[in-house]
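Me: I am new to this structure and would like to learn how to read its pockets and helices. Could we go through them slowly?

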Amino acid sequence: MASMDVSLKEMMTIDGSLGAAIVDHGSGMALGALGGSKELDLQVAAAGNTEVVKAKLRTMDSLGLKDSIEDILITLSGQYHIIRPISGRGGKGLFLYLALDRGRANLAMARHQLRGIEEKLDV
């Protein structure tokens, strides 16, 4: 099992990583964050992406879908933003957030690595 700090450091080793956070989607607060920049304020991103997760969960509930979100991908012209809800070990209500430079990232590999990080995370 990996701690939050170890998991954030692993997220930042993914090719193209710009910033990483572990977020409580109940409050919108980042419990931990690494990276970011003036253009990528991880606290603002955590709060904003909380609304994305909540909207998707409400929509799934309205549709009667009895499924879970594996990840949510937001594709910008220069970046990928991956939101991955944590499914196990007390992680309910939390999600991993990873921003990637689109020119340097391999999206399929990043998603694969993020899945592995989530599986090892102990919160």
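Reply: Let us begin with the term pocket: on a 1 Å grid over the protein atoms alone, a pocket is an open set of points with protein on both sides within 12 Å along at least five of seven lines, and its lining residues have an atom within 4 Å of a point. Please keep in mind that this is a predicted model.

Me: Which residues lie nearest the centre of the largest pocket?

Reply: The largest pocket is lined by 19 residues, and those nearest its centre are Ser-68, Ile-69, Pro-85, Ile-86 and Lys-92. Helix H2 (42–63), S4 and H3 are the elements that each give two or more residues to this lining, and the space inside comes to about 360 Å³.

Me: How should I read helix H3, and which of its residues are buried?

Reply: A residue counts as buried when its relative accessible area is under 20% and as exposed when it is over 50%. In H3, the buried residues are Leu-107, Ala-110, Leu-114, Ile-117 and Glu-118. Because they cover an arc of only 100 degrees around the axis, they lie on the same side of H3, whereas Ala-108 and Glu-119 are exposed on the other side. Among the elements covering the buried residues of H3 are helix H1 (4–12) and strand S5 (94–101).

Me: What caps the N-terminal end of H3?

Reply: Asn-106 does, with a side-chain oxygen 3.2 Å from the backbone nitrogen of Ala-108.

Me: Which residues of H1 are buried?

Reply: Ser-7, Leu-8 and Met-11 are buried in H1, while the face turned away from the buried side carries the exposed residues Asp-5 and Lys-9.

Technical notes
Residues are numbered from 1 along each chain as its sequence is written. This is a predicted model: local features need pLDDT of at least 70, side-chain atom pairs count only at pLDDT 80 or more; totals for chains, interfaces and linings use all residues. Side-chain values use heavy atoms; hydrogens and water are left out. Buried means under 20% relative accessible area, exposed over 50%, partly exposed in between (1.4 Å probe, protein chains only). Helices (H or I, at least four residues) and strands (E, at least two) are DSSP runs, numbered from the N terminus. The arc is that of the directions from the helix axis to the C-beta atoms. Contact means heavy atoms within 4.5 Å. A polar contact is a pair of N or O atoms within 3.5 Å; within protein, one must be able to donate a hydrogen and the other to accept it, and residues adjacent in sequence count only if both atoms are side-chain atoms. On a 1 Å grid over the protein atoms alone, a cavity is a set of points where a 1.4 Å probe fits but cannot get out, and a pocket is an open set with protein on both sides within 12 Å along at least five of seven lines; lining residues have an atom within 4 Å of a point. Grid points are joined across faces, edges and corners, and a volume is the space filled by probe spheres set on the points.
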